[in-house]
Amino acid sequence: MTPRRPAFPGPPAPRATAVEMEQEKVNGSKELSADAASYRCSACHGDEDWALGHPIRGRAKSRSLSASPALASTREFRRTRSLHGPCPVTTFGPKACVLQNPQSIMHIQDPASQRLTWNKSPKSVLVIKKVRDASLLQPFRELCTYLMEQNNMIVYVEKKVLEDPALVSDDHFGPMKRRFCTFREDYDDISNQIDLIICLGGDGTLLYASSLFQGSVPPVMAFHLGSLGFLTPFNFENFQSQVTQVIQGNAAIVLRSRLKVRVVKELCGKKLAVPNGVSEHGMLATALDAELGKQVMQYQVLNEVVIDRGPSSYLSNVDVYLDGHLITTVQGDGRWAPGLPGAPRGRGPCAPVPPCASSPGVIVSTPTGSTAYAAAAGASMIHPNVPAIMVTPICPHSLSFRPIVVPAGVELKIMLSPEARNTAWVSFDGRKRQEIRHGDSISITTSCYPLPSVCVRDPVSDWFESLAQCLHWNLRKRQAHFPEDEGGDEAGDGDEEGGSGS
C-alpha cells in the first residue's frame, strides 16, 4: 500500500520572522487554486474573534484539507451549522499538528488515520502532576530527569508543585529544581510557550490541562497514575520509550472536542463579582458594558456544563433553546447534595454523585464528557470522534424526558424560565461555579479548538479498552455451551419457552 502523503505543506514555524511567514504563505498559495485560496470556514474564523488576548501563536492560518470540499466546487460550498460542527483547528501549540489525510471528506476523518506530526522538534513540555499525592513524587522525578538530561527539554510546572514538602526536603532533587520554569494559575499565561503536555495522575489532570489553554491546545500525553483513568491510557512502567515515540512524532491522537461557553449576566445596576478574579481560565470577552448592562465571560470546557438548582428546595426550571428556538423546559426535582460542586471530576457511574442525590437540572456534555457525569445520569456513551453535543436531564420531573444528542454545529442557549421560583447554578468541568439569575444566559456550541490526546494504539481501540477496564462495560458471566451429547434444536426450544437459558 502506498503511504499517504499530505497534500499541503505543514503550517509555518511558530517562531519564524514576519518575512519567513510571508514567504511560506506565498509558497503555500502556489499549490492552491484561486477557488481553494478563497475558501474560508466561517465557523472557524468566527470562533477566533472572541479569543482576545490569546493570539494563536502569531502564525499564518493553516488550511486543513479535511475541512475543504473538492477544489472545483469551493465557491458553491456552504456548510450549514445544523448539519456539521465547526472545523477544528488542527495545529496544537507552537509545533504540533495533525498529519493531513488527502482522502478525507470535509473534516470527518477516519479515526485510525489521525497521526501526530511536528513542524519542529518540541523543546518545551508542561508536566502536570496530581497534587497532594506522595506516590507520584518518584514518577515525577524520573520523568523530569529524563526530559531535562536526556532530551534537553525545558520543563514547565506549576509553582505549587515544587513547594511540596517532600520535594523541598529532597537533597538530590534540589539542584534540578532551579532548572524548572514555573507559573501560577490565573496569573501567568503560558499558552504560547508549551509544545507538549504530560499529565501524571487521573482524569482531573487532563481537565486541568484543558482549562489552562483557552485557544489552541498542545498535544496531551496522559499517564494513568490516578484512581479510574478513563482519559489516561498510558502506563508509566515504560515511559521513556513512549515519550520518545511522541517526541519523534510517531503516535496516534484523538481530537477531543470542547465546548465554547458564553455566559452573559445582567449587572442590574451593580457590579457583579467574578469568581476568583477576572478570568480563572475564563476570558472576559468584553469589558463591563455600561450601556447594555451586561457582563460577558467565555470558557472552553472539555467534559460538561452543568446547570442545577443549587441549594434551593424548589423545582429547577430552565428553558433550553436550539439555534434560537425553544425546544423544551427542564423541570427537575431531587434531593440536594450538600457541597455538590456541579460536575464531578471523575468519570463513570462510580465517580459522580448518583443522580437521585444530585441537584436537579441539565447536563450539556461533549462526547468525552458522555462517560462522566452524563453516564451516571443515564445517558449513552459517545466515542470522542463523533461530532455531537449531548443534553442529559438530572432528576427530570417527567417520565418521558430522555437524553438527546444534537449535531455539533448547533448553538444551545439556556436561561431561567420566566416562571422559575429560584435562581440556578452553573459549573464548567466541575469548576468556576456561579449563580445564574433571571435575565442571564448561557450559550453553548462546539469549539474549534479540540484537545489532542495522544493514544496508546488508536482512538477506537483505546476507547473500548477504557470502557472495559475502567467502567467494566457489558461485563457478564458467559453462557455455558451445549454439552456434546445434547441436541441443539431441542435445547433451543427450551430456551425460547423458559427464558434466556443461561
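Helices (H or I, at least four residues) and strands (E, at least two) are taken as DSSP runs and are numbered from the N terminus. The structure is a predicted model, in which local features require pLDDT of at least 70 and side-chain atom pairs count only at pLDDT 80 or more, while totals for chains, interfaces and linings use all residues. Residues are numbered from 1 along each chain as its sequence is written, and side-chain values rest on heavy atoms, with hydrogens and water left out.

The secondary structure of the protein comprises 12 helices and 23 strands. Of its 502 residues, 53% are buried, where buried means under 20% relative accessible area, exposed over 50%, and partly exposed in between (1.4 Å probe, protein chains only). The accessible surface amounts to about 23,800 Å², and carbon and sulfur atoms account for 52% of this area; such areas come from the Shrake-Rupley method with a 1.4 Å probe, and for residues only the protein chains shown count as cover. Among contacts (heavy atoms within 4.5 Å) with a separation of 6 or more, 72% involve residues 24 or more positions apart.

Strands of a sheet pair through backbone hydrogen bonds, in either a parallel or an antiparallel manner. Here two strands are treated as paired if DSSP finds at least two bridges between them. Six strands form an open antiparallel sheet in the order 18-17-16-13-20-21.

Strand 20 is paired with strand 13 (residues 304-308) through four bridges in the antiparallel sense. In this pairing Val-306 faces Ser-427, and Ile-307 faces Val-426. Four bridges also connect strand 20 to strand 21 (residues 431-436), again antiparallel, with Ala-424 and Ile-436 as bridge partners. The hairpin of strands 20 and 21 has two residues between the strands, and Asp-429 adopts a positive phi near 55° there. Strand 17 (residues 388-394) contains Ile-394, which is buried at a relative accessible area of 1%. Ile-394 and Asp-333 are separated by 61 residues in sequence and by 8.3 Å in space, C-alpha to C-alpha.

A three-strand open sheet has the order 1-2-3 with antiparallel pairing. Its edges are strand 1 (91-92) and strand 3 (116-118), each with a single partner strand, so one side of each is without a neighbour in the sheet. Strand 1 pairs with strand 2 (residues 96-98) over two antiparallel bridges, and Thr-91 has Cys-97 as its bridge partner.

Other elements are also enclosed. Strand 9 (residues 253-256) is covered on both faces, with Ile-253 and Leu-255 buried on one side and Val-254 and Arg-256 buried on the other. Strand 9 is joined to strand 23 (residues 451-454) by four antiparallel bridges, and Val-254 stands opposite Ser-453. In helix 8 (residues 203-212), nine of the 10 residues are buried, so the helix is largely enclosed by the rest of the structure; among the buried residues are Leu-206, Leu-207 and Tyr-208.

Eight salt bridges were found in a search of the whole structure, a salt bridge being a side-chain nitrogen of Lys or Arg within 4 Å of a carboxyl oxygen of Asp or Glu. One is formed by the side chains of Lys-95 and Asp-195 (3.3 Å, N to O). This pair links distant parts of the chain, 100 residues apart: Lys-95 lies in the loop between strand 1 and strand 2, and Asp-195 in the loop between strand 6 (181-183) and strand 7 (196-201). Both Lys-95 and Asp-195 are buried. Another salt bridge joins Lys-294 and Glu-266 (2.5 Å, N to O), connecting strand 12 (residues 294-301) with strand 10 (residues 259-266) across 28 residues. Lys-294 is partly exposed at 24% relative accessibility, and Glu-266 is partly exposed at 24%.
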